[in-house]
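Let's take a friendly tour of the charged side chains here. Have the sequence and the 3D view open as you read.

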Amino acid sequence: MGRNGEESSGKGKVVCVTGASGFIASWLVKLLLLRGYSVRATVRDPNDPSKTEHLLKLEGAKERLNLIKANLLEEGSFDSAVEGCHGVFHTASPVLLGVNDPQTELIEPAVKGTLNVLKSCAKSPSVKRVILTSSLAAVLCNGKPLNPDVIVDETWFSDPDICKEYGEWSGYALSKTLAEEAAWKFAKENNIDLVALNPSMVIGPLLQPALNTSVQAILILLNGAETFPNSSFGWINVKDVANAHIQAFEIPSASG
């Protein structure tokens, strides 16, 4: 699509991106601004330059980017961010491996945070669709054998008990599974048009200054890891993931 087409598609529309300083979210904010959207970007601390400086430098940020303080664990803290928005992209959720306290560090922010954002969306009649950044982790940990004939579809959800068998990934897998299940239940009960995306390992250029978990997995290998994990992952470029989020919002038939 030509540049003008990119800029016109979001013209006059206001959207919210939660956890805007993250890896996927930063690219999402960048591409939304390029398409002409006005973006409300939530961050925990708008006064922390390491979380905001790279966003404020984006093309279109001066005119159409608004940083808003919000915390996943505070009910109602997303009310003002989503009020009057056409769409909400909920990407905020911790991606951490091998944590000491998965309940506090991963599960609570993922599940409570998702419900807090959706509760705010339910209060705002302007919100036409919510896009949830879920994960392949919410699909794969279910004990079903995978072979070339198996087609994974949206009836697949990870089993919380099987998530626990995934070592340092277990807390993360459980957090994404429980959060997505809670999101679908709440969306159905409250008539919210929800679309979830389940990307695999996301890599690509960083806009944010801090290294994130999925890119770190590659860096460890490049820096000369002594052992290589005997496992396989699907990989996807962060620009494709951000673009898929926008298409999931813009294309009316996108669902599920």
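In which helix do Glu189 and Lys185 lie, and how many residues apart are they? Both belong to helix 9, with a spacing of 4 residues, or about one turn of the helix. Keep in mind that you are looking at a predicted model.

Glu189 and Lys185 are both exposed.

## From strand 5 to a loop

Arg129 and Asp193 make a salt bridge whose closest N and O atoms are 2.9 Å apart. Arg129 is in strand 5 (residues 129-133), while Asp193 sits in the loop between helix 9 (170-189) and strand 6 (194-197), so this pair ties together parts 64 residues apart in sequence.

Is Arg129 buried or exposed? Arg129 is buried because its relative accessible area is 7%, under the 20% cut-off. Asp193, at 32% relative accessibility, is partly exposed.

## From a loop to helix 6

Glu75 and Lys119 also meet through their side chains, in a salt bridge with an N to O distance of 3.6 Å. This pair links distant parts of the chain, 44 residues apart: Glu75 is in the loop between strand 3 (65-69) and helix 5 (79-82), and Lys119 is in helix 6 (residues 102-123).

Glu75 has a relative accessible area of 58%, so it counts as exposed. Lys119, at 29% relative accessibility, is partly exposed.

How values were computed: Residues are numbered from 1 along each chain as its sequence is written. This is a predicted model: local features need pLDDT of at least 70, side-chain atom pairs count only at pLDDT 80 or more; totals for chains, interfaces and linings use all residues. Side-chain values use heavy atoms; hydrogens and water are left out. A salt bridge is a side-chain nitrogen of Lys or Arg within 4 Å of a carboxyl oxygen of Asp or Glu. Helices (H or I, at least four residues) and strands (E, at least two) are DSSP runs, numbered from the N terminus. Buried means under 20% relative accessible area, exposed over 50%, partly exposed in between (1.4 Å probe, protein chains only).
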